[in-house]
Amino acid sequence: MPHTFERDLAHLIDHIDTYLASLSAPGVPAVRSGIATWRDGPVQRHDPKRLAINSHMAEALDFAAKSGQPALAEAIGVIEPQLKWISYDHYPRALIGEGFATGHSYAALIGREGCIPAEDFELGLFLIAPNVLYRDHKHAAPELYAPLTGPHGWRFSPGAPLEWRDAHQPVWNEAFQHHATRVGPVPFLCIFGWTRDVDEIATIIPCDDWPALEAPTVGPPGLADR
Ligand SMILES: [Fe+2]
């Protein structure tokens, strides 16, 4: 059967749903329920657009494939050039920092601006370049991150040390939970789900230790042995 955008999208959403079903984290049922609610809606195709940061996608997909998710990685790879990748531009540049501002992109699969329109739900793919800190922030939307790569450093309280987590360890952020992500040496690629309040703008939580967390030497324990 020939590929069509609709078929590629449905195939990817199937794989995402199967993948999410294999994870245990609070928030997984809410995201899967949003997928079930919206996935059969009409598909709107945007003009494809990739950002410079998308050059990291191949490495991220290679990692995801070799870490046990070859079918999901392939489904993402097929549709990635057909999607409209954008950056989240609601943060003041001086606060979010140049590294993240130019070092991330995301594409909504389901959502108001997504491939399948939805009200107050969003499912998509999110990519961040290696060694970038997504500085401490918070938002009203409860959020599931299902990272397909790793390890990456996380913290859920400004000033706290980073906890390094391997790929396929989901993170669930309740509404207004403080969080920051320090990407490790492998690009960060995740499936994200926002389960409500998706139009509420996220805000940065200024912290004075960002320079230390952004230092190139920061990384997971035992990095040299990997
Ligand atoms: Fe977030």
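Visitor: What share of the contacts with a separation of 6 or more links residues 24 or more positions apart?
Guide: That share is 74% in the protein, with two residues in contact if their C-beta atoms, placed from the backbone, lie within 7 Å. Keep in mind that this is a predicted model, where local features need pLDDT of at least 70, side-chain atom pairs count only at pLDDT 80 or more, and totals for chains, interfaces and linings use all residues. Residues are numbered from 1 along each chain as its sequence is written.
Visitor: How much of the protein counts as buried?
Guide: Of its 226 residues, 38% do. Buried means 20 or more other C-beta atoms within 10 Å of a residue's own, exposed means 12 or fewer, and partly exposed is in between, with C-beta atoms placed from the backbone.
Visitor: And which secondary structure does the protein have?
Guide: Seven helices and 10 strands; these are DSSP runs numbered from the N terminus, helices being H or I of at least four residues and strands E of at least two.
Visitor: Why is strand β9 largely enclosed?
Guide: Because seven of the seven residues in β9, 188-194, are buried. One side carries F188, C190, F192 and W194, the other L189, I191 and G193, and all are buried.
Visitor: Which way does β2 run against β9?
Guide: Antiparallel: β2 (residues 122-128) is joined to β9 by seven bridges, and strands pair if DSSP finds at least two bridges between them. L127 has L189 as its bridge partner in β9.
Visitor: How many bridges for β4 and β9?
Guide: Five, also antiparallel, with β4 covering residues 143-147. There P147 sits opposite C190 of β9.
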